[in-house]
Amino acid sequence: MSLPWLTILFLLPLLGGLVVAILPNRQDGSAETAKRAALLVSLLTLVLAIVIAVRFRQTAAISSPKKRCGSVSSVPTTRSELTAWG
């Protein structure tokens, strides 16, 4: 069973935001800890997104090498028109 990578990618910034929200401020009023935590979560999210994109392309290339779908005319089309209610 594979991990739900897109769900993890979606939830990581949300969880990071919650962590940043509960971090205490320093006594001098600066929020350096929160800024560093936010930067760390952002970088982790970026790295995870890059890994997902690279693995997706590799998996797609391995599973269907040079697969062709045929001619364009063989693709079924549907025609729909919008009408205004009068």
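Author: The answers below go from the whole chain to single residues. This is a predicted model, in which local features need pLDDT of at least 70, side-chain atom pairs count only at pLDDT 80 or more, and totals for chains, interfaces and linings use all residues. Residues are numbered from 1 along each chain as its sequence is written, and side-chain values use heavy atoms, with hydrogens and water left out.

Reader: How many helices and strands does the protein chain have?

Author: The protein chain has two helices and zero strands. Helices (H or I, at least four residues) and strands (E, at least two) are DSSP runs, numbered from the N terminus. Helix α1 covers residues 5–22, and helix α2 covers residues 32–63.

Reader: Why is Thr45 called buried?

Author: Buried means under 20% relative accessible area, exposed over 50%, partly exposed in between (1.4 Å probe, protein chains only). Thr45 has a relative accessible area of 16%, so Thr45 is buried. Val41 is at 17% and therefore also counts as buried. Of the 86 residues of the protein chain, 8% count as buried.

Reader: Why does Leu11 count as partly exposed?

Author: Leu11, in helix α1, has 37% relative accessibility, so Leu11 counts as partly exposed.

Reader: What does the side chain of Thr45 reach?

Author: The side chain of Thr45 reaches the backbone oxygen of Val41 at 2.8 Å. A polar contact is a pair of N or O atoms within 3.5 Å; within protein, one must be able to donate a hydrogen and the other to accept it, and residues adjacent in sequence count only if both atoms are side-chain atoms.

Reader: Which residues does Val41 contact, leaving aside neighbours within four places in sequence?

Author: Val41 is in contact with Leu12, Pro13 and Gly16, where contact means heavy atoms within 4.5 Å. The C-alpha atoms of Val41 and Pro13 are separated by 6.5 Å.
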